[in-house]
Amino acid sequence: MPADPQPRVTDEPPGDGGGGAVEVRRSARRRKSVSAHREGDRTVVLIPARMTEAEERRWVGIMLARLAAKESRPVPGDRELTERALRLSDQYLGGRARPRSVRWVTNQNTRWGSCTPSEGSIRLSHRLQGMPEHVVDYVLLHELAHLLVAGHGPAFWRLLEAYPRTERARGYLEGVADAERLPRPSAPREE
């Protein structure tokens, strides 16, 4: 399989209105899908290597618009997060898990969430903000289940079986974690 071409970086992204550089990464392994994410102040758009420059421009514009729309959605505050946790507990755990507090935190960069059962407190990483709702719901349910069962044994996982999107959410989070561990390609050298 041929090597993927070097990423191309532009300073003027078409149509996102957010400024900053856009890096287009072409992949010979990618056949149809196009995706985009932010890496610091840079937007990375991943496309199939076979795309023409016109298709690339079109898809970069589409993906920048999608990212901007996703990022403009309001992030629920701690009060809304607590209400959401209580609804999830009622729906999937029979209302048995009743947290005293649920809040966003910015000091969790290696965990998606944490729970202190003795205090009834749940903390979610700010990195979850902007992720699909079913993923945030899964992390909330995971931490709610810890209010009832301390470890990750069979009884804990039985609680999460009630949530129909557990495996999908776990797969999403594993994919995000794996992508964060990928080495970043070095910038092409100028000659």
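This report walks through the fold, the packing and the confidence of one predicted protein model.

Some ground rules come first. The model is predicted, so local features need pLDDT of at least 70 and side-chain atom pairs count only at pLDDT 80 or more, while totals for chains, interfaces and linings use all residues. Residues are numbered from 1 along each chain as its sequence is written, and side-chain values use heavy atoms, with hydrogens and water left out.

**Overview and confidence**

The protein chain contains five helices and seven strands. Here helices (H or I, at least four residues) and strands (E, at least two) are DSSP runs, numbered from the N terminus. Along the sequence, the pattern reads β-β-β-β-α-α-β-β-β-α-α-α.

Confidence is given as pLDDT, the predictor's confidence in each residue, from 0 to 100. The protein chain has a mean pLDDT of 84, with 83% of its residues at 70 or more. Helix H3 has the highest mean, 96, and strand E1 (residues 8-10) the lowest, 58. Two stretches call for some care. Residues 11-17 have pLDDT below 50, and this stretch has twelve contacts in the model beyond near neighbours in sequence; a contact means heavy atoms within 4.5 Å. Residues 186-191 are also below 50, with two such contacts.

Of the 191 residues in the protein chain, 39% are buried. Buried means under 20% relative accessible area, exposed over 50%, and partly exposed in between (1.4 Å probe, protein chains only). The accessible surface of the protein chain is about 11900 Å², and carbon and sulfur atoms hold 49% of that area. These areas come from the Shrake-Rupley method with a 1.4 Å probe; for residues, only the protein chains shown count as cover. Among contacts with a separation of 6 or more in the protein chain, 42% join residues 24 or more positions apart.

Let us begin with the earlier strands. Two strands pair if DSSP finds at least two bridges between them.

| Strands | Sense | Bridges |
|---|---|---|
| E2 (residues 21-27) and E4 | parallel | seven bridges |
| E3 and E4 | antiparallel | five bridges |
| E6 and E7 (residues 121-125) | antiparallel | four bridges |

Strand E4 (residues 42-48) has six of its seven residues buried, so the rest of the structure largely encloses it. Val24 stands opposite Val45 in E4, and His37 has Val44 in E4 as its bridge partner. E3 and E4 form a hairpin with two residues between them, and Gly40 in the turn has a positive phi of about 65 degrees.

Ser35 lies in E3 (residues 35-39) and is partly exposed, with a relative accessible area of 24%. Leaving out residues up to four places away in sequence, Ser35 touches Arg30, Val44, Val45, Leu46 and Met63. Ser35 and Met63 are 28 residues apart in sequence, with their C-alpha atoms 6.9 Å apart.

**The sheet of E5, E6 and E7**

Further along, three strands make an open sheet in the order E5-E7-E6, with mixed pairing. Its edge strands are E5 (101-105) and E6 (113-116), each pairing on one side only. From one strand to the next, the twist averages 20 degrees. Gly113 stands opposite Leu124 in E7. The hairpin of E6 and E7 has four residues between the strands, and Gly120 takes a positive phi near 70 degrees.

Helix H2 (residues 78-92) lies across E5 and E7, running at about 130 degrees to E5. Helix H3 (residues 133-148) packs on the sheet, touching E5, E6 and E7, and its direction makes about 150 degrees with that of E7. For these angles, axes are lines fitted to C-alpha atoms, for helices over the stretch in contact, and angles run from 0 to 180 degrees between N-to-C directions.

H3 is mostly covered, with 13 of its 16 residues buried. At 1.5 Å a residue, the 16 residues of H3 should span 22 Å, and this agrees with the 23 Å between its end C-alpha atoms. The expected span is 1.5 Å times one less than the number of residues in the helix.

Ala177 lies in helix H5 (residues 166-181) and counts as buried because its relative accessibility is 19%. Ala177 and Arg111 are 66 residues apart in sequence and 9.9 Å apart in space, C-alpha to C-alpha.
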